[in-house]
Amino acid sequence: MAVNIPGVILMVFFYLMVLGTGIWASFKSKRKQKKSGANEMEMTLLGNRSINWVVGIFTLTATWVGGGFIVGTAEMVYTPSMGLTWAAMMLTAYSVSFIICGLVFAKPLREMKCVTMMDPFRIKYGQVLTAGLSLTSVFTDILWVAGTLISLVVIIYTLLGGFYSVAYTDIIQLVLIFISLWLCVPFVLMNPNCLDISGTLMNNTLHAPWIGAPGLEKTGIMIDEFLMFALGCQGYQCLHQRTLAASSLATAKFSCFVAAFVILVFGTPPILLGAAAASTDWNLTSYGSPFPYDRGEAGQILPITLQHLTPSSISIIGTGCVAAAVMSSVDSGLISAASVFTSNIYTNILRPQASDREIQWVIRVAVLVVGLVDTSLTSQKHSVLLFWILSTELTYVIIFPQLVCVLFANISNGYGAVMGCVVGLVLRVLSGLPSLGLPVVLHFPGCVLEDGVYVQYAPVKTISMLSAIAAIVLFSYLTSVLFNKGLLPEKCDVFKVKVQQSARELTLVHGAKEDNETETLDNTCPQTEACV
């Protein structure tokens with residue numbers, strides 16, 4: 001196949017524009033660091049907690065709006081078993097995830113001056129357990145980035161400028177995505193080989209109706225998927241990194257609420273492009289027969305649509321949009337994984353005495369390694385949805401229950417955290433993972449045999465998540481009672497539950513004394529003023 005020279009030139013231009021922005025932001029970061037005297041880790045990982053609301057909105061939106069989001073949304077709409085119903089559900093869930101983050105998690109994490117979302121685990125559970133959970137977080141970031149594709153340009157500017165480069169390049173990337181996607185939509189919809197999408201929504205003679213096949217029996221699955229995306233996203237470090245980097249709590253919350261609306265705007269074009277693909281007679285196009293779905297190319301439906309349903313010049317711009325979309329989320333995942341590894345594993349366990357210069361190099365090496373691993377994964381012939389959903393499912397079942405309990409359940413301890421991981425993971429695996437070839441072993445109500453394969457219609461992901469939370473609370477309470485009542489010897493207390501309990505009681509007593517002193521002072525002041 002001949003090389004499209006104009007396309008290559010435009011692609012290089014897009015990459016150089018983003019790379020130039022990243023390099024400029026890295027110099028800006030260094031100037032601000034010298035001026036403020038911030039330490040290396042705070043500056044590289046959180047931009048010295050000085051991100052304003054404008055940049056915050058862009059970088060929060062770009063956290064989810066990436067290659068996996070755009071390509072995966074179009075694939076969902078085009079896939080007959082999913083369609084518009086699933087795409088709209090997923091898009092709404094991502095929007096809700098921003099609102100939940102702003103309302104529930106931003107305040108406690110910022111009040112604790114966290115560098116990563118794993119810091120509360122280190123404070124409460126100790127280093128060893130935190131290291132295990134941190135590795136899980138890094139693994140989910142690797143899977144997630146693999147679902148967005150990878151770019152050498154992203155690795156370079158993330159290496160140079162850290163979070164500052166990521167935040168400012170997100171602005172350029174989102175502008176490119178917005179303009180180019182909306183530019184392509186009218187050309188695709190007006191293509192003579194594409195039928196009116198309003199007419200094919202419910203009744204399509206060329207392809208299955210692109211509304212999907214919701215069905216009443218799939219209600220439980222849809223609720224399960226919605227909660228997985230809305231709540232599972234809270235288990236990603238890259239989301240909390242944005243709220244921790246904001247200049248204030250009010251800025252963090254405002255950015256979350258606006259991003260919840262903006263993401264809906266960015267989700268509309270891939271939905272329309274997926275609908276157009278489902279309404280096209282591909283036999284009449286340069287693509288030919290059979291249709292993309294029949295060839296097993298549903299995962300590439302967005303670039304196929306841009307290539308065969310738009311003029312070549314518009315197709316080139318659209319392809320550039322996909323490239324920009326790839327970079328907008330890849331950089332988030334790279335800096336997120338590097339943050340957790342550097343802050344919670346390297347400096348807390350491996351090298352607590354590491355200098356600022358050493359930390360800077362560790363961050364760079366972590367970015368490079370994660371980037372190379374993801375590059376190898378993206379070379380595999382898998383749908384972007386596979387990595388995307390597996391990553392979110394892991395955060396939903398493992399990370400999210402742990403984060404909720406460590407922040408809001410005072411009773412939680414290391415023993416409960418371990419049992420929560422075990423219970424959640426075992427239940428989820430026994431419930432069956434068709435994408436990984438794991439059969440159903442544990443049959444929940446509604447599990448039926450279809451074409452020789454058992455299918456779960458119960459919300460098994462949510463059941464696993466809730467079971468993990470229940471296990472954390474229950475086993476934390478039991479171990480707390482056993483050790484504090486002396487039913488188990490203190491030498492067996494690996495996670496220092498008794499010490500943790502004593503520290504909590506001391507904090508409560510100290511807080512009560514301060515409250516009493518403040519109240520006494522308040523009562524004394526009016527009397528003193530009256531005497532004067």
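**Figure 1. The largest cavity and the elements around it.** H3, helix H11 (237-245) and H12 each give at least two residues to the lining of the largest cavity. Helices (H or I, at least four residues) and strands (E, at least two) are DSSP runs, numbered from the N terminus. The model is predicted: local features need pLDDT of at least 70, side-chain atom pairs count only at pLDDT 80 or more, and totals for chains, interfaces and linings use all residues. Residues are numbered from 1 along each chain as its sequence is written, and side-chain values use heavy atoms, with hydrogens and water left out. The largest cavity holds about 50 Å³ of space. Its lining residues include Ile-51, Asn-52, Gly-56, Arg-242, Thr-243, Thr-251 and Ser-255. The count is 3 cavities of 30 Å³ or more. On a 1 Å grid over the protein atoms alone, a cavity is a set of points where a 1.4 Å probe fits but cannot get out; a pocket is an open set with protein on both sides within 12 Å along at least five of seven lines; lining residues have an atom within 4 Å of a point. Grid points are joined across faces, edges and corners, and a volume is the space filled by probe spheres set on the points.

**Figure 2. The largest pocket.** The volume of the largest pocket is about 1,100 Å³. It is lined by 37 residues, and the closest to its centre are Met-82, Glu-225, Pro-434, Ser-435 and Lys-461. Two or more lining residues come from each of helix H4 (67-78), H5, helix H10 (219-232), helix H16 (384-408), strand S2 (453-455) and helix H18 (460-484). H16 gives the largest share, 5 residues.

**Figure 3. Helix H4, enclosed.** Of the 12 residues of H4, 12 are buried, so the helix is largely enclosed by the rest of the structure. Buried means under 20% relative accessible area, exposed over 50%, and partly exposed in between (1.4 Å probe, protein chains only). Among the buried residues are Phe-69, Glu-75, Met-76 and Tyr-78. At 1.5 Å a residue, H4 should span 16 Å, and its end C-alpha atoms are 16 Å apart, which agrees. The expected span is 1.5 Å times one less than the number of residues.

**Figure 4. Helix H5 and its kink.** H5 (residues 83-111) has 29 residues and should span 42 Å; its end C-alpha atoms are 42 Å apart, which agrees. A kink of about 50° lies at Phe-105, shortly before the proline Pro-108. The bend at a residue is the angle between axes fitted to the seven residues ending there and the seven starting there. Just after H5, Lys-113 takes a positive phi of about 55°.

Figure 5. Rings of Phe, Tyr and Trp (its six-membered ring) pair if their centres lie within 6.5 Å; planes under 30 degrees apart count as stacked, over 60 as edge-to-face and the rest as tilted. Trp-53 and Phe-254 form an edge-to-face pair, 5.5 Å centre to centre with 80° between the planes. This pair links distant parts of the chain: Trp-53 is in helix H3 (residues 53-64) and Phe-254 in helix H12 (residues 249-278), 201 residues apart. Trp-53 is partly exposed at 46% relative accessibility, and Phe-254 is partly exposed at 42%. Elsewhere, Trp-64, Phe-69, Tyr-94, Phe-98, Phe-229 and Tyr-236 form one aromatic cluster.

**Figure 6. Charges over rings.** Arg-295 lies over the face of Tyr-287, 4.0 Å from the ring centre. Arg-364 lies over the face of Trp-361, at 4.9 Å. A charge sits over a ring if NZ of Lys or CZ of Arg is within 6 Å of the ring centre and within 35 degrees of the ring normal.

Figure 7. Most residues other than glycine have a negative phi, and most peptide bonds are trans. Asn-48 has a positive phi near 60°, and Arg-49 has a positive phi near 50°. Asn-48 is in the loop between helix H2 (40-46) and H3; Arg-49 lies in the loop between H2 and H3. Asn-48 is partly exposed at 25% relative accessibility, whereas Arg-49 is buried at 18%. A cis peptide bond joins Ser-289 and Pro-290, with omega about -5°. Pro-290 lies in the loop between H12 and helix H13 (301-309).
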